[in-house]
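Let's take a friendly walk through this structure together.

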Amino acid sequence: MTSSFFPPHRTLMGPGPSDVSARVLGALSRPTIGHLDPLFVQLMDEIKGLLQYAFQTENALTLPVSAPGSAGMEACFVNLVSPGDKVIVCQNGVFGGRMQENVERCGATAIMVQDEWGHPVSLDKVAQAFADHPDASLLAFVHAETSTGVRSDAEALCALAREHNALSIVDAVTSLGGIELKVDEWGADAVYSGTQKCLSCVPGISPVTFSPAAVERIQGREHKVQSWFLDMKLVMGYWGGSSKRAYHHTAPVNDLYALHESLVMLQEEGLEAAFARHLHNHRALVAGLEAMGLSMAVAEAYRLPQLNAVNIPEGVDDAGVRTTLLNDFNLEIGAGLGALAGKTWRIGLMGFASNERNVLACLTALEAVLA
Ligand code: PLP
């Protein structure tokens, strides 16, 4: 007989998922109701309003896609990219590469703008790409590169896209709730995120928002969106403005209770206070790491407070340290990804997990393991 699964209580300080609070876990375990129940429809409206707050937008098409961040990414690409389009894709880490895949699978051409991993997207290179390809219809980039711990200038990149009559697709999986993200003020057109990072909710949902210009492009498509599930014209029937919701798919009811709770918590704290908390704990962690003789992999100006990339000292067994932290301290930190595998550790201080107790627990454990 297989018995029930009882996971240990870990402290999640990797690149996500982050620690989920007891309050959010409590919401998850409330009774399941029908996904077209009038009370659930009311909850959906509240989630939409809370997401608009988190994204700082009035976009009517703002909703949680019932699938992880990669599905939010795909939802943006399949709805906005048509066969034959040219899309400028910025890559300075793992996730720009995933964007390229999406563009090519839509039958479009990806014009790649490459930057060194650990550095932000270069505005000059993007301007040059637009000069070389004035017919590019979209600019796609990652705001907070989780694979490297780097923040790119989303405001300036969105402005560049506008200047060249292109729409912007912004990956905000790791930025939402952790650092400033002003969708309307910056003029971002399609933005997707994930619930498992700075929202500290359970993984598996992807908040997205589309500007009126993006909606216009979706409405004017000549080619059918190749994904039935992610076709926003169909999803709008369920998540749209009207109180008459048509069945599209069965929403992950309890996951949405959890998302609602995590967004209520964000609203209670306030966005500015949440950003300040992330920055405060990041600074404390960096001070402690540097006092131990460790160095940060990313220049201070571009560091993400929620994802700290640390250089692994010469001769230290990367996997051995992480395994000891997990087994002896119940502490998860992340390995380097892609080009940075074996070179960096990624220490997350995301959402609920960004607190002083975690900073101290991580520093104490690392010091003990590296001694
Ligand atoms: N984009 C970024 C920047 C991410 O960090 C991640 C996940 O870590 C994703 C996209 C994909 O999200 P998910 O793993 O939820 O599909």
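Arginine 346 is buried, because 24 other C-beta atoms lie within 10 Å of its own (buried means 20 or more such atoms within 10 Å, exposed 12 or fewer, and partly exposed in between, with C-beta atoms placed from the backbone). Please keep in mind that this is a predicted model, in which local features need pLDDT of at least 70, side-chain atom pairs count only at pLDDT 80 or more, and totals for chains, interfaces and linings use all residues. Residues are numbered from 1 along each chain as its sequence is written.

Arginine 346 sits in strand β13 (residues 344-348); strands are DSSP runs of E, at least two residues long, numbered from the N terminus. Beyond neighbours within four places in sequence, its contacts include Gly14, Pro15 and Gly149, where contact means C-beta atoms, placed from the backbone, within 7 Å. An unreviewed UniProt entry lists Arg346 under "binding site"; such annotations may be inferred rather than shown by experiment, and positions follow the numbering used here, with feature names shortened.

Strand β13 belongs to an open, mixed sheet of four strands in the order β1-β12-β13-β11. β1 (11-13) and β11 (307-311) are the edges, each with a single partner strand, so one side of each has no neighbour in the sheet. Here, strands pair if DSSP finds at least two bridges between them. β1 pairs with β12 (residues 331-335) in the parallel sense over three bridges.

Now look at lysine 197, in the loop between β9 (190-192) and β10 (206-210). Lysine 197 is also buried, because 29 other C-beta atoms lie within 10 Å.

Terms used
Contact = placed C-beta atoms within 7 Å.
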